[in-house]
Amino acid sequence: MRLRDLPIALVARTPARVQTKLLAAFLAMVVLLVALGAVGLRLLSGVNQQTEGLIKLQRKIAAYRQVQHDTTGQLYAVASALLSPNERTLEGVLRQLAQFGYDLDRLQFVAKDEIELLVEVRKEYDRFIEIVRRVVELARSGHAAEARQVQQAEAGPLADRLERLTNELVNLAEADMVAGIEASEQAYARSTWIVIGFALGSIVLALGLGYVISWSVIEPVAEIEGRLRRIAGGDFTQRARVVNRDELGSLAAGVNRMCEELGRLYEQLEAASRHKSEFLANTSHELRTPLNAILGYTELIQDGIYGEVPERIRAVLDRVQGSGRHLLGLINDVLDLSKIEAGRLVLSTNDYAVPAVVHTVVTATEALAAEKGLDLRIEIAEPLPLAHGDERRITQVLLNLVGNAIKFTEEGEIVIRVETTDDGFHIAVEDTGPGIALPDQKRIFEEFRQVDSSSTRRKGGTGLGLAIAKRIVELHGGRIWVESALGRGATFHLVLPRQAVAQRLAA
Amino acid sequence: MKRRILVVEDQEDNRAILRDLLTHAGFEVLEALTGEEGVRMAEVLRPDLVLMDIQLPAVDGYEATRRIKAQPSLRAIPIIAVTSYALSGDELKAEAAGCDGYVTKPFSPRRLLAIVRGYLEGAG
C-alpha cells in the first residue's frame with residue numbers, strides 16, 4: 001500500500017455512512033474557518049491596545065512639554081513684570097500661576113508610572129509658586145529691588161531645576177514611546193506570521209480532507225464500475241475489492257453477490273446448453289447407424305445382389321431410398337447445427353481451388369436443374385488464386401445455395417459467378433425465382449426459418465441449411481447475405497477471405 | 001486367387017452389408033469385431049486391403065491402423081478408414097494414423113466398391 005493510500009483506506013474503513021463522513025469533513029472545515037477568524041480578531045484587538053497605549057504616551061509627552069513651556073513662560077512673565085511693576089502686569093503673573101496649577105493637575109492625571117519623579121516635580125512647583133507669589137507681593141508693596149533679588153536668587157535656579165526634571169520626564173516618556181512602537185512592530189510581524197501559518201494550515205488540511213474523502217468514494221466507485229463492465233462482458237470470475245464500510249462497501253458486496261449468482265446461473269445455462277448439444281450430437285449419431293443399414297441394404301437390393309428385382313418393387317425401393325436420404329439430410333443438418341452451437345465444429349483448412357468447388361456443386365445439381373428445365377450457368381473470372389479454408393464445408397454451403405435456387409425457381413436460369421475482390425473471393429448465386437421480401441431476408445439465415453413454413457413441407461429441407469451456411473461462412477471470417485425483391489429473383493452473395501481466419505462464433 | 005479384404009467393424013448390420021457387397025463382387029471377406037482382433041488377423045492372414053471402422057470399443061480404428069502400419073511387412077496393405085459422418089478433423093486424424101483412404105458413413109455401397117477396386121487395381 002502506498003503512503004497516499006493509507007489515509008484513504010483509513011477513511012474508507014471508517015464504519016460510517018458517506019453522508020456522515022462528508023458532514024464531518026465540512027464541519028472540520030467550518031471549525032477551521034471559525035478558529036482562523038477568532039485568532040485574527042484576537043490579534044487585531046492586541047494591535048488596537050498597542051495603538052491606544054501609544055496614544056496615551058503621546059498625550060503624556062504633550063502634557064510634560066506644556067509644563068516645561070509654562071515654567072519658562074512663568075519666569076519670563078515675572079522678569080518682565082519686575083521691569084515695570086504695575087497692577088496689570090502683576091495680575092497677569094498671578095493668573096499664569098493659576099494656569100500652572102491646572103497643568104500640574106493634568107500631569108497627575110496622565111502619569112502614573114513615573115510617580116516618584118512627579119512628586120518631586122510637584123514639590124518643586126509648589127515651592128516655585130510660593131516664591132513667585134512672594135516676588136509679586138514684594139513688587140506690589142514697592143520693594144522692587146528686594147523682589148528682583150528674590151527672583152534672581154531663588155526663582156531662577158528653581159526654574160532651571162524644574163526644567164531639568166520635566167525634561168527627564170519627557171525623555172522617559174519618549175523612551176517608552178520608542179519601546180512601544182518597536183513592540184507594536186514586532187507584535188504586528190508575529191500576528192502576520194500566525195495568520196499566514198493558520199491560513200496555510202487550514203488550506204492544506206481542507207485540501208487533504210477533500211482529497212482523502214473524494215478518493216475514498218471515487219476508488220470504490222471506479223472499482224465497482226470496472227467490475228460491472230467485466231460482468232457485462234461475461235466475466236464472472238473476479239470480485240470487486242472494496243474496503244469501505246459504508247454504502248459503497250455494501251454496494252460492492254451486493255455487486256459481488258449478484259456476480260456470483262449470475263456466474264452460477266451462467267454456468268448452469270452453459271452446462272445445459274452443452275448437454276443439449278451433446279445430446280443432439282449423440283442422438284443424431286445413433287439415428288444414423290440404423291439408417292446407414294437401411295440405405296445400404298436398399299442399394300444392395302437395387303443392384304441385384306440378392307437376386308433379380310421386379311420393376312414394381314424397384315419403384316418402391318427408389319421411394320425408400322429417397323425418403324431415407326431425406327431423413328439422413330435432416331439428421332445431418334441437426335447434427336451440424338448442434339456441433340456449431342456447442343463450438344465443436346472445427347474447420348479443417350487446406351488450399352483449394354474455388355472453380356473445382358463450383359464444378360463439384362454443378363455436377364451434383366445439374367441433373368436436378370435439367371429435370372425442371374432450368375439453365376445452370378457458371379461465370380468464373382479466371383485466373384483465380386488458390387483459396388485457403390475448409391473445402392468440404394464451403395462445398396456444403398454452395399451446394400445448399402444452388403440447391404435452394406433450383407428448388408425455388410420454376411423457370412429461367414441459375415447463374416454462379418465467381419470473382420476476386422480486394423480481400424478475397426466473391427461468389428454469387430443468382431436465380432430467377434419468386435424472390436424474397438425484405439423482412440424475410442434476414443430471417444432466412446436464422447434456425448428453422450423459411451419464407452413460410454408451408455414451403456418447408458412443399459420443398460423439403462429442414463430450414464437449417466442457410467443457418468448452417470451462415471455459421472460456416474462466419475467461421476471462415478466471411479460474410480453471406482441476399483439481395484432480392486419479390487418477383488425479381490434472388491442473389492445470394494458469399495464473400496470469403498483468401499485466408500480463412502479461425503473465428504470463434506459468438507454464442 | 002480371390003483378393004482378400006479384412007473388414008474391422010463391430011456393428012453386425014454394417015458388417016453384413018459389407019460382407020454381402022464384397023462377396024458378391026468376388027472378394028473373400030475376413031471379419032474382425034475389435035481393433036485388437038483386426039491387428040492380429042492382419043498379421044496372420046495378410047489381407048490385400050483393410051476396411052477399418054474408426055469407432056471401435058477399447059482400441060479404436062486409429063490405434064489399430066497405427067499398429068498395423070508400424071509393422072514393415074504389413075505397411076504396404078492399403079487401409080481405408082470408415083468413420084461416422086465426419087466430425088471435422090477426422091480426415092486429418094485418419095491420415096495421421098496412416099490410413100490410405102477415407103470413407104464417411106453413411107456410405108453408398110456402390111461408391112465404396114468403386115473405391116476398394118481403385119485401390120486394389122492401383123496396387124496391381
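1. Residues 193-218 of chain A are 100% helix and 0% strand, with the end C-alpha atoms 36 Å apart. This is a predicted model. The UniProt record, an unreviewed entry, marks 193-218 of chain A as "transmembrane region".

2. The record gives that feature to residues 22-44 of chain A as well. Here the chain is again 100% helix and 0% strand. The end C-alpha atoms of 22-44 lie 33 Å apart.

3. The volume of the largest cavity is about 30 Å³.

4. Which residues line the largest cavity? They are Tyr352(A), Ala387(A), His388(A), His476(A), Leu496(A), Pro497(A), Arg498(A) and Ala500(A). Strands S3 (387-389) and S7 (490-497) of chain A each supply at least two residues of this lining. By class, the lining has five nonpolar, two polar and one charged residues.

5. Check Arg46(B) in the backbone. Its phi is positive, about 45°, although Arg46(B) is not a glycine. Arg46(B) sits in the loop between helix H2 (35-45) and strand S3 (49-53) of chain B. Buried or exposed, or partly exposed? Arg46(B) counts as partly exposed, because its relative accessibility is 43%.

6. Ala58(B) also deserves a look. This residue, other than glycine, has a positive phi near 60°. Ala58(B) lies in the loop between S3 and helix H3 (61-69) of chain B. With a relative accessible area of 75%, Ala58(B) is exposed; the cut-off for exposed is over 50%.

Methods. Residues numbered from 1 in each chain as written. Chains lettered and ligands numbered in written order. Predicted model: local features only at pLDDT ≥ 70, side-chain atom pairs only at ≥ 80, totals over all residues. Heavy atoms only, no water. 1 Å grid on protein atoms, 1.4 Å probe; cavity = no way out; pocket = protein on both sides within 12 Å on 5 of 7 lines; lining within 4 Å. Points joined across faces, edges and corners; volume = space filled by probe spheres on them. Helix = DSSP H or I, 4+ residues; strand = E, 2+ residues; numbered from the N terminus. Nonpolar A, V, L, I, M, F, W, Y, C, P; charged D, E, K, R; others polar. UniProt positions renumbered as here; feature names shortened; annotations may be inferred. Buried < 20%, exposed > 50% of the residue type's maximum accessible area, 1.4 Å probe, protein only.
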